[in-house]
Amino acid sequence: MFRLSEYMRQLVEPTPVRQRHGPVKPVVIWNLTRRCNLRCRHCYTVSANVDFPGELSTEKAFEVLDDIGRMGVPGLILSGGEPLSRDDFFDIAAHARGKSRMLALSTNGTGIFGETADRVAEIGFHYVGISIDGIGATNDWFRGVEGSFDDALRGVRACKARGIKVGVRFTLTEGNHQCLPDILRFCDDEGVDKFYLSHLVYAGRGDKNRGEDARHTRSRRAMDLLIARAWEGETGGQMLDIVTGNNDADAGYFLHWVRRNFDARKAAHLRAHLAAWGGNSSGLGVANIDFLGDVHPDTYWSDYTVGNVKETPFSKIWTGDDPMLAVLRTRPRPLKGRCGACKLKDICGGNTRIRALQLTGDPWAEDPACYLSGDEIGVTEAPRLETTPFRGKRHDPVHNFD
């Protein structure tokens, strides 16, 4: 996750570059269920409104939470599917409170009203993220259910009325890129605290619909808009915490904006902060537990399983000797193509590896969603990987650890 507003603040109120001490502990994203009342075109879990066998029992979920708490992870995000669809969701959420410094809920927001909204407030989530992918009918088409925008809006308002910090998540595609200005106005009008722009990742239905990924020019224009809004918030305008995810080229794009608009000293200071962050954190600062209890390097790597919490505690799985995790934690990673030659890879980390894996079968190939030019990354431009629509059977992943 690229925290645009946080790094923008470095231009106004610079602070020393953070130094890491000891092993990195991950933010854990836990997909409690695969059941969901919506049918989103970009769903990475291919969820549906049916029961899926194999979910962890309440008792086993408590055991996992206790282990996570002893491990001292910095953040825990309860996700799905739609996590609120689990009958025992509030029991699990109550048990999760205090197991990490930050407890968040990732939801489509359609079920947050009335008594349910009261119970969400009682749990004391530090943050509730609600997905909205357009205004009105655009959102409803994208999410596969008529009326889902109005229901999500009701959820945003219910959270705000109860003093819950609420964010809006928006996935950028060719079908909804034109909605971004309206979504930002929506955030301002509704008093939303945080905005998260997610770039499309080729997993689940997001892989099937990869041909709808935003063109590189759309990504650049979206970043121009977000950078302008973040600067406004840091220089006296209405505050909105802006972050982006799933395309760490955003950090490089922002760095070039800083170099054009500020002196070399500030640009160097910012670059040092970005290098300390290091970009993509799959398998290092991010971990995923899916609804079956399988552990993955992040939420999109469902084809690669490190272990299962039904059999082994998460803390042992994550600190074991898995070969893929070992390479993901290597800096620099063994990147190829444009990514391997890139002069900004220390601040990007090689971007989102799953897109390269889905297109080529090689997790270390270049990321086709990098929208920076050859000049911007310091390489001689060559033909790029092409993002083509999914047609039937996808690549069988070749988990190449070399």
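**Salt bridges in a predicted model**

Glutamate 6 is partly exposed, at 24% relative accessibility; in this talk, buried means under 20% relative accessible area, exposed over 50%, and partly exposed in between (1.4 Å probe, protein chains only). This is a predicted model, in which local features need pLDDT of at least 70 and side-chain atom pairs count only at pLDDT 80 or more, while totals for chains, interfaces and linings use all residues. Residues are numbered from 1 along each chain as its sequence is written, and side-chain values use heavy atoms, with hydrogens and water left out.

A salt bridge here is a side-chain nitrogen of Lys or Arg within 4 Å of a carboxyl oxygen of Asp or Glu. By this rule, the model has 18 salt bridges.

I begin with glutamate 6, whose salt bridge partner is arginine 18, with the closest N and O atoms 3.7 Å apart. Glutamate 6 belongs to helix α1 (residues 4–12) and arginine 18 to the loop between α1 and β1 (27–31), so the pair ties together parts 12 residues apart in sequence. Helices (H or I, at least four residues) and strands (E, at least two) are DSSP runs, numbered from the N terminus. Arginine 18 is exposed, with a relative accessible area of 65%.

Next, aspartate 118 and arginine 162 form a salt bridge, their closest N and O atoms being 2.7 Å apart. Aspartate 118 is partly exposed at 35%, and arginine 162 is partly exposed at 31%.

Finally, arginine 218 pairs with glutamate 174 in a salt bridge, at 3.0 Å between the closest N and O atoms. The two residues link distant parts of the chain, 44 residues apart: arginine 218 is in helix α9 (residues 216–234), and glutamate 174 is in the loop between β5 and α7 (180–190). Arginine 218 is buried, at 18% relative accessibility.
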